[in-house]
Protein chains: 2
Amino acid sequence: LQIAYDGTNYHGFASQADEDVETIEGALNNAISSLTGESISVIGASRTDAGVHAYGNIAVFDTASTIPADRFFMALNTKLPADIRAITSYEVQSDFHPRHTNSKKTYVYRIFNGDIMPPVLNNHYEHCSFDIDIDIMKSAGGYLIGEHDFTSFCSVNTQSPDHVRKIYDVDVCEIPYELNVLGDVSDKKNQKIIEIRVTGNGFLYNMVRIIAGTLIDFGIKNRNPEEIIDILSRCDRSAAGPTAPACGLYLIGYEYI
Amino acid sequence: LQIAYDGTNYHGFASQADEDVETIEGALNNAISSLTGESISVIGASRTDAGVHAYGNIAVFDTASTIPADRFFMALNTKLPADIRAITSYEVQSDFHPRHTNSKKTYVYRIFNGDIMPPVLNNHYEHCSFDIDIDIMKSAGGYLIGEHDFTSFCSVNTQSPDHVRKIYDVDVCEIPYELNVLGDVSDKKNQKIIEIRVTGNGFLYNMVRIIAGTLIDFGIKNRNPEEIIDILSRCDRSAAGPTAPACGLYLIGYEYI
């Protein structure tokens, strides 16, 4: 299953011992079980945090259902809440594991940069009221491309022993659209939408949010982009910037390679 | 005050007799009264429906507060809920009435056109799963420009005796942005974002939503754009298309002329 969701009203992807806590995984298990009459537990590709959104998370499960695999997503959408949608579905090899298969994974982080956050963007963008230099963010982000030890960009609560990951691309750009809708009758304050897009072979706990928080810090303080090389090499979480809020983060999708 | 809000959790702008019903006007009155210590009742420019969003609604009130008018909005934002923001504030003539002053008023209506609605767009876009021809919508919309009797595009529940309004501009265009974020790893289904933008000297009850619903109907059914001339001339609500859902509608702003 390719799964899209608005993470605002969920305590993250991973189901929790307390069944009263709403999770994406719990909602998927309930809906699929209801549809097939089996007791289903999905395996998710990415256990996104509370408040994080997704367009292309992946969930895999075993079933004896007679619903054709490539139509399963349509039936499932009749059982899922409106803030979770199955985008597509297909049959995979029985030994396929969505986390133990090599993949390229893309995240986007979105920021509203301006004095006053338009309320329709709440829960879907970080709000930063200090002016951000996008060129500095972009240059600093470029130094993260490649295979590195990302200990500095990883929550100290990680359970992963290996902190080496490969980043294929980091891009930072200004997005004109929302301001065409929302800003054309405002008093022309300096405001913009910024998007950070990161593709890698895997990400440590909070890694994209720490990358986003660090690049924003560079862009606000006009730091020399090369300083990020030193942050990487120190392998120390306290060397990097803050963890940016969950609501700006979108898991865009997986490409299995 | 220029006011922006996410209308999702409000029963419209206008305050209601039942004070437990959350309204934008009620929230503004409470916040301003709390800030000034006076008992304030604002006059709103547009009494938007439940679920409708705004970037530039206008609210006017009398106060003896010593907070400078051009800084009032900043103080007010400390008292307002996060889904309502004051964008700016200034002093007006004491006889200024935001509904009885000539103005150009702009609305935007946003549609997600594709099989499966990305959940992060819920509450902020209409979802239409039938393929829409934008050129037909644009051509049909063009015939609405000018001064006309808009009875066909007005709820039968209107209390306005005069149904003549002047439309300055109707534009329909495809917006690429959200799909750059959300769709690049999808299975390339035919999906797009459509924006209708309408500027007029005033709008009857549900008029923009009926215009949107009618243009969408033309775009789905490949109707001849000129048929909209007949719909206008019949002065009959049943001649036009359905009232499009509130969640896709944004009051962008006012220009007093």
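This dialogue walks through some features of a predicted model.

Student: What kind of model is this, and how are residues and chains labelled?

Tutor: It is a predicted model, where local features need pLDDT of at least 70, side-chain atom pairs count only at pLDDT 80 or more, and totals for chains, interfaces and linings use all residues. Residues are numbered from 1 along each chain as its sequence is written, chains are lettered from A and ligands numbered from 1 in the order in which they are written, and side-chain values use heavy atoms, with hydrogens and water left out.

Student: What is the average pLDDT of chain A?

Tutor: First the term: pLDDT is the predictor's confidence in each residue, from 0 to 100. Chain A averages 92, and 95% of its residues score at least 70. Residues 184-188 of chain A fall below 50. Beyond near neighbours in sequence, that stretch has 11 contacts in the model (contact means heavy atoms within 4.5 Å). For the complex, the predictor gives an ipTM of 0.91 and a pTM of 0.93.

Student: Which strands pair with E5(B)?

Tutor: Two strands pair if DSSP finds at least two bridges between them. E10(B), residues 249-256, runs antiparallel to E5(B), with 7 bridges. E9(B), residues 192-200, is also antiparallel to E5(B), over 9 bridges. E6(B), residues 126-128, runs parallel to E5(B), with 3 bridges. Look at Lys105(B): its bridge partner in E10(B) is Tyr254(B), and in E9(B) it is Gly200(B). In E6(B), Cys128(B) stands opposite Asn113(B).

Student: Is His163(B) buried or exposed?

Tutor: His163(B) is buried, at 17% relative accessible area. Find it in the loop between strands E7 (146-149) and E8 (164-175) of chain B.

Student: What does the side chain of His163(B) reach?

Tutor: A polar contact is a pair of N or O atoms within 3.5 Å; within protein, one must be able to donate a hydrogen and the other to accept it, and residues adjacent in sequence count only if both atoms are side-chain atoms. The His163(B) side chain makes one with the side chain of Thr151(B), at 2.9 Å. It also reaches the backbone oxygen of Ser160(B) at 2.9 Å. Leaving aside neighbours within four places in sequence, the contacts of His163(B) include His148(B), Phe150(B) and Leu204(B).

Student: Where do Asp131(A) and Lys192(A) lie?

Tutor: These two form a salt bridge, with the closest N and O atoms 3.1 Å apart. Asp131(A) lies in the loop between strand E6 and helix H3 of chain A and Lys192(A) in strand E9 of chain A, so the pair ties together parts 61 residues apart in sequence.

Terms used
Helices (H or I, at least four residues) and strands (E, at least two) are DSSP runs, numbered from the N terminus. Buried means under 20% relative accessible area, exposed over 50%, partly exposed in between (1.4 Å probe, protein chains only). A salt bridge is a side-chain nitrogen of Lys or Arg within 4 Å of a carboxyl oxygen of Asp or Glu.
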